[in-house]
Each structure stands twice: as structure tokens, then as C-alpha cells.
Amino acid sequence: MTDVASSTQYLKLSVFPTSPYYARVHVRRVLESWHRDDLIETAQLLVSELVSNAITAHAACPEAAKAIPHADPDQIWMDVYRMGETVVFRVWDASPLTPVVRDPHPDDENGRGLHLVELLATDWGYYRPTPGGKIVWCTLALPPPEEREGTIQPHR
């Protein structure tokens with residue numbers, strides 16, 4: 001996982017409540033172009049959680065974005081790429097704060113996003129790129145064709 005956006009599957013997002021929707025649309029289009037419709041629902045949920053967390057973190061540290069060269073104080077970014085048998089989703093925000101898996105009370109309205117990421121992703125983590133901020137990433141393993149839903153199996 002490098003410090004820079006890695007592909008044309010890169011998307012800048014405004015720090016708005018509607019941005020998770022645009023991230024989901026973007027991921028759907030990317031996965032459809034790769035003929036990986038089997039991953040769309042899970043990928044959309046993962047990206048939605050990562051983008052929502054990034055928006056919250058970014059908005060909480062407005063001065064951090066101003067201190068990072070080439071960072072827009074009103075934007076985060078995400079990208080999607082394949083690495084071997086894995087799809088990688090990365091989301092950058094300007095906040096230096098470490099993402100934390102919380103233990104929310106049953107009545108809490110927030111705090112479950114990273115639990116979902118832990119449950120659904122093959123792996124996840126974060127790192128701090130050289131320019132500043134942080135990148136939270138997660139991966140989904142690409143199941144072999146014989147394990148993909150709806151695939152016709154040859155008779156043996």
C-alpha cells in the first residue's frame with residue numbers, strides 16, 4: 001500500500017454527508033467493470049463505513065488539512081485497486097488520529113463501523129503517509145471462479 005493514489009479508480013470526495021453514497025456508486029462501477037458483481041454489496045458496505053469515518057475524522061481536525069501540502073481542507077479521497085487475488089480499498093483523511101474499534105452501548109447510534117469492517121473484510125488497517133493524515137484500508141479476497149455465486153460448474 002503506497003503513499004499515493006494508485007490508479008484511475010481514484011475518487012476525491014467532499015466532506016459532506018452524501019459522500020458515502022458517491023463512494024458506493026464508484027465502487028459499484030469499478031467492480032462491474034471488473035466483472036466482480038459478487039463483491040459489490042460487501043464492498044459498498046465497507047467503503048461506506050470507511051468514508052463515513054474519514055469524513056468524521058477529517059471534519060474534527062480542520063487545521064490538520066491546512067498543514068498538509070496539496071491537501072484540500074474540504075476533501076478526502078479513496079481509491080480501489082487489485083493486488084494479486086485481493087481488492088484493496090483505501091480512504092485518506094487529514095486527521096492524525098488513530099482509528100479505534102469502539103465498544104458501543106446497545107443504545108448508541110454510532111461506533112459500529114469498524115466492527116463491520118473487521119467482520120466483513122479479509123484484513124484492514126491504517127498507516128500515515130509521508131505528506132500527512134492517515135489512510136485506512138481494507139481488503140476483500142477474490143474468491144476463485146468455482147466459488148463465485150451463479151457460476152456454472154462443469155460436470156465431472
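Student: Which share of the contacts in the chain between residues at least 6 apart in sequence joins residues at least 24 apart?

Tutor: The share is 65%, where a contact means heavy atoms within 4.5 Å. The model is predicted, so local features need pLDDT of at least 70 and side-chain atom pairs count only at pLDDT 80 or more, while totals for chains, interfaces and linings use all residues. Residues are numbered from 1 along each chain as its sequence is written, and side-chain values use heavy atoms, with hydrogens and water left out.

Student: What pattern does the chain follow along the sequence?

Tutor: The order is β-α-α-α-β-β-α-β-β, made of four helices and five strands. These are DSSP runs numbered from the N terminus, helices being H or I with at least four residues and strands E with at least two.

Student: Why is His26 called buried?

Tutor: Its relative accessibility is 15%. Buried means under 20% relative accessible area, exposed over 50% and partly exposed in between, with a 1.4 Å probe and protein chains only; the value for His26 is therefore in the buried class. Buried residues make up 41% of the 156 residues in the chain.

Student: What is His26 in contact with, leaving aside neighbours within four places in sequence?

Tutor: His26, which lies in helix 1, touches Gln9, Tyr10, Leu11, Met78 and Val80. With Gln9 there is also a polar pair: a polar side-chain atom of His26 is 3.0 Å from the backbone oxygen of Gln9. The cut-off for a polar contact is 3.5 Å between N or O atoms, one able to donate a hydrogen and the other to accept it.

Student: Which residues touch the most other members of the largest nonpolar core?

Tutor: They are Val51, Met78 and Phe89, in a core of 30 residues. Such a core is a set of buried Ala, Val, Leu, Ile, Met, Phe, Trp, Tyr and Cys residues joined through side-chain atoms within 4.5 Å. Two or more residues each come from helix 1 (19-33), helix 2 (40-60), strand 2 (75-83), strand 3 (86-93), helix 4 (113-120) and strand 5 (134-141). Helix 2 gives the largest share, eight residues. Another core, of eight residues, lies apart and includes Ala65, Ile68, Trp77 and Ala94.

Student: How do the axes of helix 1 and helix 2 cross?

Tutor: They come within 8 Å and cross at roughly 145°. Axes are fitted to C-alpha atoms over the stretch in contact, with angles from 0 to 180 degrees between N-to-C directions. Residues making the contact include Ala23 and Val27 of helix 1 and Val47 and Val51 of helix 2. Met78 is in contact with each of Ala23, Val27, Val47 and Val51.
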